[in-house]
Amino acid sequence: MKYLIFYGSFVILAFYAVSVLSIKCYVCKEPDRKCRDPFQNDTIFLKDCSTIGMGNATMCRKYMWEIGDGTRYYMRGCAVRGRVSRKQGRDCIERLGTWKTKMWYCQCDNKDGCNGSTNIRVSSLTILLGIISFSYSQSIQTIQ
């Protein structure tokens, strides 16, 4: 029984560590008008990247497209690869396409919501809880 408690708590802590270590990004796209700039940082769009299948994401990204007639489209989400923009996403990289199309993308990784996570502090907490759990299971074993 004591091993079941120990291993069960270890598994729970492991899943907790994975979810806490993931970066949180705003995830939205057109046609939702709230996704456009100026962005209101609506918490309804703030998602843990691991809950949307991108647990290995380390950055957040914003795309903006402008087509020939001046219409703009936006998309925000998690990113696995890419280059972090200067000024952490406040300075976007511009690309020109065909048919009078422009695209800008901005990437950041410095905080949640644009966006780094508090993984060092929480990771230490997770390790500490694991040590306490292990010590507790050892003390129960010694008593019996």
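A disulfide here is a pair of cysteine sulfur atoms within 2.5 Å. The model on screen is predicted, and a search of the whole structure finds 4 disulfides. This tour stops at three of them, among them the pair Cys28 and Cys35.

Select Cys28 and Cys35 to begin. Their sulfur atoms lie 2.2 Å apart, and the two residues form a disulfide. Turn the view to look along the S-S bond: the torsion about it is about 75 degrees, so this disulfide is right-handed. Cys28 and Cys35 are both buried.

Next, select Cys49 and Cys78. This disulfide has its sulfur atoms 2.1 Å apart. Its S-S torsion is about -95 degrees, so the bond is left-handed. Trace the chain from one end of the pair to the other: Cys49 sits in the loop between strand 3 (46-48) and strand 4 (59-66), while Cys78 belongs to strand 5 (residues 72-79), and the pair links distant parts of the chain, 29 residues apart. Cys49 is buried, at 0% relative accessible area. Cys78 is buried as well, at 11%.

Then select Cys92 and Cys106, a disulfide with 1.7 Å between the sulfur atoms. Here the torsion about the S-S bond is about 90 degrees, so the disulfide is right-handed. Cys92 is in the loop between strand 5 and strand 6 (93-96) and Cys106 is in strand 7 (residues 102-108), so the pair ties together parts 14 residues apart in sequence.

Finish with a surface display on this last pair. Which of its two ends is buried, and which is partly exposed? Cys92 is partly exposed, with a relative accessible area of 30%, whereas Cys106 is buried at 5%.

Key:
Residues are numbered from 1 along each chain as its sequence is written. This is a predicted model: local features need pLDDT of at least 70, side-chain atom pairs count only at pLDDT 80 or more; totals for chains, interfaces and linings use all residues. Side-chain values use heavy atoms; hydrogens and water are left out. Buried means under 20% relative accessible area, exposed over 50%, partly exposed in between (1.4 Å probe, protein chains only). Helices (H or I, at least four residues) and strands (E, at least two) are DSSP runs, numbered from the N terminus.
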